[in-house]
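User: Please take a close look at a single part of this model, the contact between the two chains, and describe it in one connected account.

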Amino acid sequence: MIQRMPTSSAAAVAHPAPGHTPPQERIIEAGRRDSRYLLELWHYRELFYFLAWRDILVRYKQTAAGIAWVLIKAIVTLLVLTVVFGRVARLPSDGVPYPLLVFAAMLPWQFFAGALTDCSNSLVGNGDLISKIYFPRLIVPGSAMIVNLVDFSISCVVLALLLAWHGFAPDWRILALPLLVALAAALTFGAGLWFAALTAEYRDFRFIAGFVVQLGLYISPVGFSSSVVPENWRALYSLNPLVGVIDGFRWAILRGTPDFYWPGLAISVAIAVLLLASGLWYFRRTERRFADVI
Amino acid sequence: MPDVVLNAEGLGKHYLLRHRIAGYDTLREKISENLRRLTAARRPPPGPREAALEEFWALRDVSMQIRQGEVVALIGRNGAGKSTLLKIISRITEPTAGRLRIRGRAASLLEVGTGFHPELTGRENIFLNGAILGMPKTEIRAKFDQIVAFAEVAQFLDTPVKRYSSGMYVRLAFSIAAHLEPDILIVDEVLAVGDAPFQKKCLERMSEVAAMGRTILFVSHNLGLVRSMCRRGILLENGRIVCDDLVEVTVARYLEGLEAVASSNLLERPQRRGTGRVRLSRLDIRDTNHAIKSSVEAGQALQFVFHTTGRLPALTCSFTIYDSVGQAITCFDSALQCDPDPANNADVPPFVCELGELFLTPGRYRINAALYCQDELLDHVESAAILDVDPGVARARPVVATPGYGSVFMPHRWMGPC
């Protein structure tokens, strides 16, 4: 191997840029874990913000109603669920107005459904970036989460209006809401990471994610109270981690629920922790292959 | 050695290829598909598209050291492994073998405009793209005016880039990338874009970056540019480094290699695509007296003679002529038969393509050739032959080299006030 110093035009070598300190050395080899991943995520923190900002900005470009679509979607869904479950099926409402019962559940549900879909499509949707530029890949599903958190906050405003309309004031329990949002986010992000990484390699998971979202609406207590589930089936029903999250939201927003099923919430927390930890592990394990398989 | 910024030891990258035996990505197939639509002839459906797994080392045992401030050219034919090496250096993909030590941040101009969003305005895209390339917001803000001035898009900052002309788009994209200050800058064939004044500006910017003591890895098929920009050249062939020396030495070696492969038996070429049911065995260039020639005068008649390992009823042959910087000049396809073509004769080699007059300006040309059977690609050989064109006379008019001003001569006459 020839190691030759360049001759004339490399006079610059003798005068390196002022203030240019020799940077840290990085080693790249097969299967090596980069110990500075967190540091790097921090370095790229602005990209989180920019990708989310791009997606929010772009989503409603060339639409007349713009961001109002979030409201329209929420209100129409609310009306349909209220009419179908409250009026037609005449399910019990645990003593609160039926629209409030439904909307308190729609908040976490729509967040979950939107974020899971966006996460699982996020890597493929940004495939050109991933195959051409390096950045910590975790940013891509991460910013999909941020976009959905923004939608979530808009829905929270709708909730406030709806509470005011019904003259319903929440009590101290509402203070638990941030914790429940964190639980919903952890659960969704964990599942989203699995789906994102799997979709990058096997596009089948895009359909599976759609399926989960479609069926999930029926097997989660969104349009009805989970008190309609017989007592001895509650534990089994709570294996759907969204049951605990949705019940929690109702408990926090609607001044508690008559017979709150605490084991359900515990199961949700356990599943969320498990999903998040395993999702991070699987994502980190496969992310180095994304550029090759996408 | 304190000033080594990039040190590769035995780097390798290995892919499992699952390729469709019948591809659908060549010009020839597009043409035949269009013709079929024109004639609307009924055809049997295409055969089963099988998948085959092939193990492929895109990069093998690559070791090199690059020092702070060096401007190094990576040279090699398409598929030699240049892009794979750059992708490993810029951390997009991981090597399968070996180790790479990098001091500092490597940023690549692999594809300018990656991450541009068509719906966003120029201003928004500058911030977005800067963030994607790893520039902090404060740095982008500080360089914003420079970027805009360099790209010459000041009036269109608040227009969505989807309404930009392609020239503006590329200028803006390059401008953002050019204002990055990475420790190692990777430039991959991006200077082929934009008009001449902008290219000149890009080159000046690269020299500036180099003068700041930054390291540059430069990939281009434009050998003149490579020679003027770089001191050192690394030649890659089939994923291995075959030459690492002064750029003149490497370029000469590269050109030699192109000629050497051109003169050898085509069956010995390892790098080829296609199913291989029939292969190209030889490509000769002859004059009309059937004498094999290595160079031909402009304006003369010549024949391209393609020998194959067998014959099939629907076998067709196509080839493309490229100029010295890799630009396709013209292509020929035996599937496009017309009346004056004589019927196949068992005595001649499968394919002879005769040009009555060679309308190319003097210079060196490369020929890629392929065999097809209906939609099936049987064989594809890069640089199947080198064609050297000498100055000559066509239609009583001298044909001379016009470097940089095209390579095709058109029969013409001048009428003027005499």
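Analyst: Rings of Phe, Tyr and Trp (its six-membered ring) pair if their centres lie within 6.5 Å, and planes under 30 degrees apart count as stacked. By this rule the count comes to 22 aromatic pairs over all chains of this predicted model.

The extent of the contact comes next. The size of an interface is often given as the accessible area lost when the parts come together. Between chain B and chain A the buried area is about 4800 Å², and carbon and sulfur atoms give 57% of that area. Chain B brings 58 residues to the contact and chain A brings 50 residues.

As for polar links, 9 residue pairs are in polar contact between chain B and chain A, counting pairs with both residues at pLDDT 80 or more. Salt bridges between chain B and chain A number 3. Among them is the one from Arg288(A) to Glu94(B), whose closest N and O atoms are 2.8 Å apart.

On the side of chain B that touches chain A, several elements each supply at least two residues: the strands β1 (4-20), β2 (51-67), β4 (97-103) and β9 (240-246), and the helices α2 (82-89), α3 (122-132) and α6 (196-211). β4(B) gives the most to this side, with 6 residues. The residues on this side of chain B divide into 22 nonpolar, 15 polar and 21 charged.

β4(B) also pairs with a strand across the contact. Strand β1 (residues 25-29) of chain A is joined to β4(B) by 5 bridges, and the two run antiparallel. Within this pairing, Ile27(A) stands opposite Arg101(B) in β4(B).

Along its principal axes, the C-alpha trace of chain A spans about 85 × 45 × 35 Å.

Terms used:
Residues are numbered from 1 along each chain as its sequence is written. Chains are lettered from A and ligands numbered from 1 in the order in which they are written. This is a predicted model: local features need pLDDT of at least 70, side-chain atom pairs count only at pLDDT 80 or more; totals for chains, interfaces and linings use all residues. Side-chain values use heavy atoms; hydrogens and water are left out. Contact means heavy atoms within 4.5 Å. Buried area is the accessible area (1.4 Å probe) that two parts lose on being put together, summed over both. A salt bridge is a side-chain nitrogen of Lys or Arg within 4 Å of a carboxyl oxygen of Asp or Glu. A polar contact is a pair of N or O atoms within 3.5 Å; within protein, one must be able to donate a hydrogen and the other to accept it, and residues adjacent in sequence count only if both atoms are side-chain atoms. Helices (H or I, at least four residues) and strands (E, at least two) are DSSP runs, numbered from the N terminus. Ala, Val, Leu, Ile, Met, Phe, Trp, Tyr, Cys and Pro count as nonpolar, Asp, Glu, Lys and Arg as charged, and the others, Gly among them, as polar. Two strands pair if DSSP finds at least two bridges between them. Rings of Phe, Tyr and Trp (its six-membered ring) pair if their centres lie within 6.5 Å; planes under 30 degrees apart count as stacked, over 60 as edge-to-face and the rest as tilted.
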